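Student: Please take me through the aromatic contacts here, with the criterion behind each label.

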Amino acid sequence: MKLSIALAAAALLASSAAAAGPELPVPAGVAGEFVTVPLDDPAVDGYSLRLPDGYDPSRTYPLLLSLHSSGQVGGPVEEALCHGPPSVIRRLPETCPESLRRKFILVSPHLTEGPYEERQWFDRLELLDDILAEVCRGCRVDPARIYLAGYSTGGTGTWGYASRRPGQFAAVIPIAGYTRPEQGIRKPIVEDWSVFRDLPVWTFYNASDRVVGFSHGRTAVAAIEALDGKPFLVLNHVYSGPDPYRGSILIDTTAEEVAGKRRILSVYRIGIHSEGRIWDNPVLYEWLLGHSNPDYRVGRLAGLIGQGP
């Protein structure tokens, strides 16, 4: 299936703007806004695209692909914006982290209603690749700085997608994701742990989670450390708020303390399965931006956008 921003969101696209290099179609009037791009697919009905504030077509930008949880399956495409980095911008438009607003192209695909075991991101990898490729062709994306993150089903998808696409991502942040099949999932979630030998990972797990048990985090840490013996940095975070639904995980670690760290396990405790507004913390975006992928040309995406070896 061929995707096209130009066709799907024609009313929101302007004519090509001159850049330092080939001319590319640049969205008009959408920098700093979420644009919905519908897709004709039974499992992924569209995605939201946001260009950073002050988008400048003469330079390239990192891209952050955000995968939502099962709680956002079904309904309109905009449900994809209820978790992850997009939710921070919507909830805190004026005070969200500056780097999130100004430095990232955000892409948030959306899953349609369906059985849990059939609505898994790692079963839709070619479509996700096509979405990324179309955004790379239509916007000024730095292919060496493509990041992947997700919570719950999105965390599961982050592990699964990254493990099946060596060389594609510069860093990943899986939050509360399965690393072994559960709830009717039959195929392995992680296809090849060796992908994470050199791929920077900052993963978060709730030690009190009864939906996605903390053992899934232990599985990931043990499998990755077994590759070369290099340990994870383990951080513990406190929770602040009136109840488990409205509070936030507080990351008091500074950007300098995690700069250059390629393996981090963050542990928090909330009484329910919750993301805990983790993405309110600016240090996550600074950590992502601290990693680039010099080997991106070996990834499948690079071949799709004509930048393969």
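Aromatic pairs

Tutor: By the ring-pair rule, 10 aromatic pairs are counted. The rule pairs rings of Phe, Tyr and Trp (its six-membered ring) if their centres lie within 6.5 Å; planes under 30 degrees apart count as stacked, over 60 as edge-to-face and the rest as tilted. This is a predicted model, in which local features need pLDDT of at least 70 and side-chain atom pairs count only at pLDDT 80 or more, while totals for chains, interfaces and linings use all residues. Residues are numbered from 1 along each chain as its sequence is written, and side-chain values use heavy atoms, with hydrogens and water left out.

Student: Why is the pair of Trp-159 and Phe-196 called edge-to-face?

Tutor: The centres of Trp-159 and Phe-196 are 5.2 Å apart and the planes are at 70 degrees; the limits are within 6.5 Å and over 60 degrees, so the label is edge-to-face.

Student: How do you know whether Trp-159 is buried or exposed?

Tutor: Buried means under 20% relative accessible area, exposed over 50%, partly exposed in between (1.4 Å probe, protein chains only). Trp-159 has 0%, so Trp-159 is buried. Phe-196 has 1%, so Phe-196 is buried.

Student: What makes Trp-202 and Phe-204 a stacked pair?

Tutor: Their ring centres are 5.5 Å apart and their planes at 15 degrees, which is under 30, so the pair is stacked. Both Trp-202 and Phe-204 are buried.

Student: What makes the charged end of Arg-59 sit over the ring of Tyr-61?

Tutor: The definition asks for NZ of Lys or CZ of Arg within 6 Å of the ring centre and within 35 degrees of the ring normal. The charged end of Arg-59 sits over the Tyr-61 ring, 3.9 Å from its centre.
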